[in-house]
Amino acid sequence: MGVIFGLLAALGWGSGDFLISRAARAIGPIQAMLYIQLVGIAALGALLLARRDLPPTELRAWGLGVAANMFNLGGTMLLYRAFSIGSLSIVSPIAASFAVVTIPLALLGGERPGALALAGAALVVGGVVVVSRGHGGEGGPPRGVPEAIGAACCIGLYFWSVGFATPLLGTVWPVLLGRAIALLAALGVMLARGGRPAPVPAGLWPTLIAASLLDTAAFIFYNIGISSGYVSVVSALASIFSAVTVLMAWVFLRERLRVVQWAGVAGLIVGVFLASVGA
C-alpha cells in the first residue's frame, strides 16, 4: 500500500506543481501561496467534519507537527519562488531530489527495506537527477536553481520529520496544520511588505482550486503511505512528481526534453517497478 500511495502522491504533486507555477507567475508567489492555502484549509476542514475527526489532545503531538511543518514552510516558500522565476523542466526535478535528504535519514533511523526496494529507490533518485540535467530555453542563467535546491533540503527534512508526527496526529491534521502555518506566513510577509491580498482574476480561480486540491491530496496520500510502508521507499516514489511536471511542461508549455531527460524518465519507471517488487 505504501507504494500505491507514494505514486498517488507523485501524481498529485506533479500536476499540482504545474498549476501552482501558472498561478505564481500570474499573481506572484506570495499571493498564490495565500490563496492555495485558503482553498486547502477549506477542503481539509470539510473532510475532517465529514469524518468527525476530532483533533488530538496530546501537546507533544502538536509540537512535533509544528516542528515538521516549519521545514515544510521553508520549502514551500522557496518552491513557489522558484516556480515563479525558473523553468519548470529544471526547477521541479531539482526540488524533487528531496529524497536524497529523506532516505539517508530514514535509514539512519533504523529502516531496513529489502535490497530490491533500496535499488529501486536509488534508481528513482538517480532518474530525478538525470532529468534535471537538461532543459529547454537555455541561453540565460539558470534562474530558480538556488531556490529549488533550498526547497529540496527543506522538503526532505519535512518528509522525514512528519513521520514522527503522523502516528500521533493522523494523516489529515498534520496537513491542515501545515496549511495554517503557511497561510499565516504568507499574510505576515504581505503585511511586512506593506501589501494586502489582491483580488484574483476570475479566470484564475479554477487553476488555484485545482492546484490546491491536488497538492493537498498529495500530502494526505504521502502520510497514508508512510503509515503503511517505509519512509525511504515512499519518499523515493513520491519524488517522481518531477517527471509528471516535466512532461506537462513539455506538452503544454513546449519546454522540450533532451534525450538524457527521457533516459531519466525511463530510469524512474524501472525504479518504481523495483521498489514495488521489493517493498
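The model is a predicted one, in which local features need pLDDT of at least 70 and side-chain atom pairs count only at pLDDT 80 or more, while totals for chains, interfaces and linings use all residues. Residues are numbered from 1 along each chain as its sequence is written, and side-chain values use heavy atoms, with hydrogens and water left out.

Ser161 itself is found in helix α7 (residues 145-169); helices are DSSP runs of H or I with at least four residues, numbered from the N terminus. At a relative accessible area of 10%, Ser161 is buried (buried means under 20% relative accessible area, exposed over 50% and partly exposed in between, with a 1.4 Å probe and protein chains only). A polar atom of the Ser161 side chain lies 2.9 Å from the backbone oxygen of Leu157.

Turning to the rings, the structure holds 15 aromatic pairs. Rings of Phe, Tyr and Trp (its six-membered ring) pair if their centres lie within 6.5 Å; planes under 30 degrees apart count as stacked, over 60 as edge-to-face and the rest as tilted. Trp13 and Tyr222 make a tilted pair, 6.0 Å centre to centre with 50° between the planes. This pair links distant parts of the chain, with Trp13 in helix α1 (residues 2-27) and Tyr222 in helix α9 (residues 205-228), 209 residues apart. Trp13 counts as buried at 4% relative accessibility, and Tyr222 is buried too, at 0%.

Tyr35 and Trp205 have ring centres 5.6 Å apart and planes at 80°, so the pair is edge-to-face. Here again distant parts of the chain are linked: Tyr35 belongs to helix α2 (residues 29-51) and Trp205 to helix α9, 170 residues apart. Tyr35 is buried, at 11% relative accessible area, whereas Trp205 is partly exposed, at 33%. Ring pairs also join Trp13, Phe98, Tyr158, Phe159, Phe219, Tyr222 and Phe241 into a cluster.

A charge turns up over a ring as well: the charged end of Arg22 sits over Phe18, 5.9 Å from the ring centre (the cut-offs are NZ of Lys or CZ of Arg within 6 Å of the ring centre and within 35 degrees of the ring normal).

Finally, helix α8 (residues 173-192) has 20 residues and reaches 28 Å from its first C-alpha to its last, close to the 28 Å expected, where the expected span is 1.5 Å times one less than the number of residues. After α8 comes Gly194, with a positive phi near 75°.

Key. Helix = DSSP H or I, 4+ residues; strand = E, 2+ residues; numbered from the N terminus. Polar contact = N/O pair within 3.5 Å; in protein donor to acceptor, adjacent residues only side chain to side chain.
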